[in-house]
Amino acid sequence: MTQIRSLAFVLGASLAALVAAVLIAGANPITALSALVRGSVGDGYALATTWVRATPLVVTGLAVVVAFRVGVLNIGAEGQFWMGSLGAAAVGVHLGGVSGWIAVPLCLLTGALAGGGWGGIAGLLRVGRGVPEVLSTILLNFVALALVGWAVNGPMQEAARRYPQSDPLALAARLPRLPGTQLHLGILLALLLAGLVWLLLFRTALGLRLRAVGLNPTAAKSAGVPVGRSLVGTLVASGALAGLAGAVEVMGPLGRLYADGSTGVGYTAIAVALLARLDPLAAIPAALFFGGLDAGAGAMQREAGVPAVLVSVVQAVVIVAALIAAKRKSD
């Protein structure tokens, strides 16, 4: 019952923030909200768009859930997402003539390794040098974005050398789509990962040890849990999930690596994880909520004249409201 009240509080605060933003923009709230609903769930195309926008949020949300459950404040899912995109694209553009049964897993694996390696840097800095992961992961976000910008303006730039983007990924490296729709295999992968992460955290001895580190690292260490190794491993696993999300995005809707493609996914993932109360399965509807906001923002802008960027205000309110709800629960 408490969890339902907390969720109602968060959603109510989000709706109030959206209405306030619409009023500030000088638009009609009813018109704007109607457009938002139509753009997100109004028909089959809108629903498919919502699912496609939600897919990277599910996986990056899981990355944040895993980290936060272990007491690791990984704010670097954005950079890990970009490194996964970079890794998958670097491999995918060279796989022409290769079977999709090989190309797709290879690109996904490369993305996961790139993101995991990027997260591992922050883990080693935390354990080896005592650098707080909040600081290192945020700074690594900027480094990752700079690397992507360098790549698409340099060695990975398209053959025509006109735009800051890579060549298209080979068809074999693209995620299969449901014929006639935008829905791709990455959606099923995201749902599968949510189930696997839930099983890992709540139904295995490893998950119990990791959650113990998050609840009380001193007690966990006294019980024989290798806290330092757990922290590094968690940042690697969290980064791998975020990198996998980046690979899915570049292999799915984008089709190539852009300098500004899907910016902000890693930051929105924090809101997804908080709204889900760090529950891997709840990350699915939480991501759909934000995916729907993103999908409907364009329609809201076209039909009601409300800038789509105001959706970011709602995302910020969700984070604040989720933190308030969590504080009220703990008191």
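Biologist: Thanks! How are H3 and H12 oriented to each other?

Modeller: Happy to start there, with two notes on the source. This is a predicted model, in which local features need pLDDT of at least 70 and side-chain atom pairs count only at pLDDT 80 or more, while totals for chains, interfaces and linings use all residues. Residues are numbered from 1 along each chain as its sequence is written, and side-chain values use heavy atoms, with hydrogens and water left out. Helices here are DSSP runs of H or I with at least four residues, strands are E runs of at least two, and both are numbered from the N terminus. H3 (residues 44-69) and H12 (residues 283-304) pack at about 135°, with axes 7 Å apart; axes are lines fitted to C-alpha atoms, for helices over the stretch in contact, and angles run from 0 to 180 degrees between N-to-C directions. Angles under 35 degrees count as roughly parallel, over 145 as roughly antiparallel, 65 to 115 as roughly perpendicular and the rest as oblique, so H3 and H12 are oblique.

Biologist: What classes of residue make up the contact of H3 with H12?

Modeller: Contact means heavy atoms within 4.5 Å. The H3 side includes Trp-51, Arg-53 and Leu-62, and the H12 side includes Phe-290, Gly-291 and Asp-294. Ala, Val, Leu, Ile, Met, Phe, Trp, Tyr, Cys and Pro count as nonpolar, Asp, Glu, Lys and Arg as charged, and the others, Gly among them, as polar. By class, the contact has 11 nonpolar, four polar and two charged residues.

Biologist: Which residues touch the most other members of the largest nonpolar core?

Modeller: Such a core is a set of buried Ala, Val, Leu, Ile, Met, Phe, Trp, Tyr and Cys residues joined through side-chain atoms within 4.5 Å. Buried means under 20% relative accessible area, exposed over 50% and partly exposed in between, with a 1.4 Å probe and protein chains only. Of the 95 residues in the core, those touching the most other members are Leu-62, Met-251, Leu-257, Phe-290 and Val-306.

Biologist: How do H7 and H10 lie relative to each other?

Modeller: H7 (residues 185-203) and H10 (residues 227-254) have axes 11 Å apart. In their contact, Gly-186, Leu-189, Leu-193 and Val-197 of H7 meet Leu-241, Leu-244 and Val-248 of H10, a set with six nonpolar, one polar and no charged residues. The packing angle is about 170°, so H7 and H10 are roughly antiparallel.

Biologist: Is Pro-280 buried or exposed?

Modeller: Pro-280 sits in the loop between H11 and H12. Leaving aside neighbours within four places in sequence, its contacts include Leu-62, Ala-194, Trp-198 and Phe-202. With a relative accessible area of 0%, Pro-280 is buried.

Biologist: What is the phi of Leu-278?

Modeller: Leu-278 is in the loop between H11 (265-275) and H12, and is buried at a relative accessible area of 19%. Although Leu-278 is not a glycine, its phi is positive, at about 60°.

Biologist: And Glu-133, is that residue buried or exposed?

Modeller: Glu-133 belongs to H6 (residues 133-153). Not counting residues up to four places away in sequence, Glu-133 touches Gly-71, Val-72, Leu-73, Asn-74, Arg-126, Ile-138 and Leu-235. At 6% relative accessibility, Glu-133 counts as buried.
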